[in-house]
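Q: Could you take me on a close look at the nonpolar core of this model, and then at what lies around it?

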Amino acid sequence: MEFKKKMKINMIYYALLVVIGAALAVLQFTGYMPEVFLSFGCAYAACGLAMLIKNGRILSDPEKLKKLEIESTDERNIMIYNKAIRWAYLIFVYAAAAAIMILEFVGMKEAAVTVALTLCALFVLYIICYAVLKAKG
Amino acid sequence: MFYILEGDDFLKNRIRELRKAMGITQDELARSLGVTRQTIIAIEKGTYCASLPLAHKIAAFFGESIENVFIFEEDQ
């Protein structure tokens with residue numbers, strides 16, 4: 001898909017984010033939602049609005065649009081992005097394994113079990129993703 | 001010539017030489033290929049190995065065959 005078209009579709013998502021955020025905030029103010037939704041709503045609306053302004057500026061400037069397109073589709077950038085995710089995953093696994101042992105050692109059994117279960121869920125997710133990607137070829 | 005280490009294999013490339021012969025900058029080459037200048041620098045230095053589609057694009061840009069731009073030699 002053309003990059004400009006992708007950005008325009010993203011603008012629709014950001015606009016939706018603003019609407020959802022504003023709706024959550026309004027519903028909280030009118031007492032239909034618990035207090036926590038006010039912060040969620042404000043955060044959604046602010047992020048959506050910021051991205052709308054940013055994308056709007058980029059779309060109106062062909063030079064900036066071309067630069068962003070090159071940076072987003074550059075194969076080395078994509079390789080670095082994927083490598084960073086792999087590194088982060090590995091670091092998380094090792095850190096979680098260490099956390100389980102430390103938490104168990106200091107007697108925080110419930111926290112250790114929670115981290116262990118999170119780690120198990122991550123492994124299950126990994127196996128599913130691996131199987132799907134392998135089947136796709 | 002620069003070398004890319006991929007396992008036990010080396011991949012040389014003549015991009016710098018061809019680019020200089022054509023009289024264009026890394027930035028101009030990058031813009032023509034739709035990649036960043038950093039990618040061209042990395043390929044020329046031999047720290048990044050271009051994908052097959054990009055290798056095709058580079059070869060086509062210089063009007064050469066892939067074999068003439070990227071020279072694969074086993075067991076060097």
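A: Happy to. A nonpolar core here is a set of buried Ala, Val, Leu, Ile, Met, Phe, Trp, Tyr and Cys residues joined through C-beta atoms within 7 Å. Please keep in mind that this is a predicted model.

With that in hand, the largest nonpolar core has 10 residues: Ile15(B), Leu29(B), Ala30(B), Val35(B), Ile40(B), Ile43(B), Ala50(B), Ile58(B), Val69(B) and Phe70(B). Two or more of these residues come from each of α2 (26-33) and α3 (37-45) of chain B. In soluble globular proteins, nonpolar side chains tend to be buried together.

Leaving aside residues up to four places away in sequence, Ile58(B) touches Ile15(B), Leu33(B), Ala50(B) and Val69(B).

Now compare another isoleucine, Ile66(B), which sits in helix α5 (residues 66-69) of chain B. Because a residue is buried only with 20 or more other C-beta atoms within 10 Å and exposed with 12 or fewer, Ile66(B), with 15 C-beta neighbours inside 10 Å, counts as partly exposed. Again not counting residues up to four places away in sequence, Ile66(B) touches Ala55(B), His56(B) and Ala59(B). Its C-alpha atom is separated by 11 Å from that of Lys12(B), 54 residues apart along the chain.

Finally, a glance at where the chains meet: the contact takes seven residues from chain A and nine residues from chain B. On the chain A side, α3 (62-73) and α4 (75-105) each supply at least two residues. By class, that side has one nonpolar, two polar and four charged residues.

Notes: Residues numbered from 1 in each chain as written. Chains lettered and ligands numbered in written order. Predicted model: local features only at pLDDT ≥ 70, side-chain atom pairs only at ≥ 80, totals over all residues. Helix = DSSP H or I, 4+ residues; strand = E, 2+ residues; numbered from the N terminus. Contact = placed C-beta atoms within 7 Å. Nonpolar A, V, L, I, M, F, W, Y, C, P; charged D, E, K, R; others polar.
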